[in-house]
Amino acid sequence: MNSLKMIHHLCPTNIFMRDAKIKQYALIIVNQPIYHLPTFERLWANATLRYCADGGSNRLFEAYKHDPNKREQYLPDEIRGDLDSMRPDVRAYYESKSVKITQVTEQESTDFEKVVALVDEKEKQMGKSFDIVALSGLGGRFDQAMRMISTLFMMKDRVDRRMIIVAEECLAVLLDKGTHQIHCQQQYEGPNCGFIPIGEPSTVTTRGLEWDLVRHKCQFGGMVSSSNHIVSDVIEIETDAPLVWTTELKQGDDDDLSQ
């Protein structure tokens, strides 16, 4: 009997589209600078839930330091974390705007993970699941970036939720073992891309890249696909172990993001 190969379809850059019919997601702002306001504002507009993880509140506040009136348009639904990074003036501002601020003192989880737990709470209350978009989750300290990548792996068994990390110049998602078709939108991403075998070696076959692989073993200390190029609107990746897929973002102006 012939077995059918299950193919997982994804289009991560749908989160940048105006009026895109995408799964509802929670936008979580972490403690890294917000460099590109058109990108941020599109992610904010498309999000259903909008949260700051502790020091992410400072970054949101600073993003509009030259336009206090516009700052009032970007008030998060809640700020949560151990609150050791949130500045007093930032806290005073958001309290004056009636933004909910919640301190969670346990230190077994990061501030980002505390907000993910908040999303879990909202899912139970609302009876639906949300994808998660982490803004600026790969900048700054290396240890924090790796903890964010670890969170991708922690969520990989949540088949009803996808997590996308958006950084200044790239986005990243986890591909679990299996076959994946990534629908690329080259007005938003590319040409540079890569896939990283974090955690364990993987045997990978690809289609649609400039340098495709056929049952090639990828691992740290050996082959890692970086600076590859997208040459097709659909990239197929078959892997026997989880990979992190990343693409370069094209930072256009707001008109570019209106497509």
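**Entry 1: the sheet**

I began with the strands, and I found ten of them forming an open sheet with mixed pairing, in the order E5-E4-E3-E2-E6-E7-E8-E15-E10-E13. The edge strands, which each pair on one side only, are E5 (100-103) and E13 (225-229), and the twist from one strand to the next averages 20 degrees. I noted that helices (H or I, at least four residues) and strands (E, at least two) are DSSP runs numbered from the N terminus, and that two strands pair if DSSP finds at least two bridges between them.

Before going on, I wrote down that this is a predicted model, in which local features need pLDDT of at least 70 and side-chain atom pairs count only at pLDDT 80 or more, while totals for chains, interfaces and linings use all residues. Residues are numbered from 1 along each chain as its sequence is written, and side-chain values use heavy atoms, with hydrogens and water left out.

**Entry 2: H2 against H4**

How are H2 and H4 oriented to each other? Helix H2 (residues 56-63) and helix H4 (residues 88-96) pack at an angle of about 75 degrees, with their axes 10 Å apart, and they are therefore roughly perpendicular, a term that covers 65 to 115 degrees. In this contact Ser57, Asn58, Leu60 and Phe61 of H2 meet Asp89, Val90, Tyr93 and Tyr94 of H4.

I also checked how covered H2 is, and six of its eight residues are buried (under 20% relative accessible area, with a 1.4 Å probe and protein chains only; exposed is over 50%, and partly exposed is in between). The buried ones are Gly56, Ser57, Asn58, Leu60, Phe61 and Ala63, and their cover includes E2, H1 (37-46), E3, H3 (68-71), E4 and H4.

On the H4 side I picked Val90, which is buried with a relative accessible area of 0%. Leaving aside neighbours within four places in sequence, Val90 is in contact with Ser57, Asn58 and Phe61; the C-alpha atoms of Val90 and Phe61 are separated by 6.8 Å, although the two residues are 29 apart along the chain.

**Entry 3: backbone details**

The peptide bond from Gly190 to Pro191 is cis, with omega near 0 degrees, and Pro191 lies in strand E10 (residues 189-196).

Which residues other than glycine did I find with a positive phi? Ser98, with phi near 65 degrees, is in the loop between H4 and E5 and counts as exposed at 68% relative accessibility. Arg215, with phi of about 45 degrees, lies in the loop between E11 (202-207) and E12 (216-218), and Arg215 counts as exposed at 66% relative accessibility.

Definitions and conventions:
Axes are lines fitted to C-alpha atoms, for helices over the stretch in contact, and angles run from 0 to 180 degrees between N-to-C directions. Angles under 35 degrees count as roughly parallel, over 145 as roughly antiparallel, 65 to 115 as roughly perpendicular and the rest as oblique. Contact means heavy atoms within 4.5 Å.
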